[in-house]
Amino acid sequence: IKTTVSILVVIAFFDIIYSMHIVAISGSLRKTSCNTGLLRAMRDQLPPGHTMDIIVPDLPLFNQDLERPDLVPEAVKEYRQRLKAADAFLFGLSEYNFSMSGAAKNAIDWGSRGADGGNLFNDKAAAVVSAGGGVGGQRAAAHFRDSALFLNLHVMNKPDLSARIYQSPSPFNLESGDLVDEDMRVNAGKVVDALIEWTNRIAVK
């Protein structure tokens, strides 16, 4: 009986780890955002049994006066509920003025504090990808890591993915934001696979 129970516990443990739910946050609010399109391509590459929720964080600006439970905006409550479901996080960051966008920073701020669980990023595995201009959003990704350090996010270093939107030909359909370059889609799949492996390594500690 003890052996049977032990086996069931091990099976349940690995089911939890390997049936992974990734919450992906786009750094752009644009309807045809290439960063959101990059996240969609990564969702398409998920192995069977795993899921991804892509959030476009159109949230009110963070204001500490609104942190009281009776004043928290409904959009923020819904956003934080979606964050709570995450086994791992994936950030798709656009670059503005050599840094991440205001929308991305605002999403991080709302997720990092609240009476309903505090810092929802704490001790989670994460990966960051980017799509941008000349260097493909790499500076946004670098600045994100400063915030991730404080949030206690365990950000994967390699492989990474920085897509240059305006190279010719563009790897994206600029009318829809979809990633159409097949080689880059393959690379997107490699990042997803690595994030799953990285999350398992973080979980078993």
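Trainee: Which residues are linked with Arg80 in a network of salt bridges?

Mentor: Arg80, Lys84 and Asp116 are linked in such a network. A salt bridge is a side-chain nitrogen of Lys or Arg within 4 Å of a carboxyl oxygen of Asp or Glu. Side chains of opposite charge can pair when their charged atoms come close. By this rule the count comes to 11 salt bridges. Two notes on the source: this is a predicted model, where local features need pLDDT of at least 70, side-chain atom pairs count only at pLDDT 80 or more, and totals for chains, interfaces and linings use all residues. Residues are numbered from 1 along each chain as its sequence is written, and side-chain values use heavy atoms, with hydrogens and water left out.

Trainee: Where in the chain are Arg80 and Asp116?

Mentor: Their side chains meet at 2.7 Å, N to O. The pair links distant parts of the chain, with Arg80 in helix 3 (residues 74-84) and Asp116 in the loop between helix 4 and strand 6, 36 residues apart. Helices (H or I, at least four residues) and strands (E, at least two) are DSSP runs, numbered from the N terminus.

Trainee: Is Arg80 buried or exposed?

Mentor: Buried means under 20% relative accessible area, exposed over 50%, and partly exposed in between (1.4 Å probe, protein chains only). Arg80 has a relative accessible area of 2%, so Arg80 is buried. Asp116, at 36%, counts as partly exposed.

Trainee: How are the rings of Phe89 and Phe121 placed?

Mentor: Rings of Phe, Tyr and Trp (its six-membered ring) pair if their centres lie within 6.5 Å; planes under 30 degrees apart count as stacked, over 60 as edge-to-face and the rest as tilted. The centres of Phe89 and Phe121 are 4.9 Å apart and the planes stand at 65°, so this pair is edge-to-face. Phe89 is in strand 3, while Phe121 is in the loop between helix 4 (102-112) and strand 6. Both residues are buried. Phe91 and Phe121 make a tilted pair, because their centres are 6.0 Å apart and their planes at 50°. Phe89, Phe91, Phe121 and Phe144 form one aromatic cluster.

Trainee: How many residues has the largest nonpolar core?

Mentor: A nonpolar core is a set of buried Ala, Val, Leu, Ile, Met, Phe, Trp, Tyr and Cys residues joined through side-chain atoms within 4.5 Å. The largest one has 31 residues, and Ile22, Met42 and Leu90 are among those with the most contacts inside it. Helix 6 gives the largest share of this core, 8 residues.
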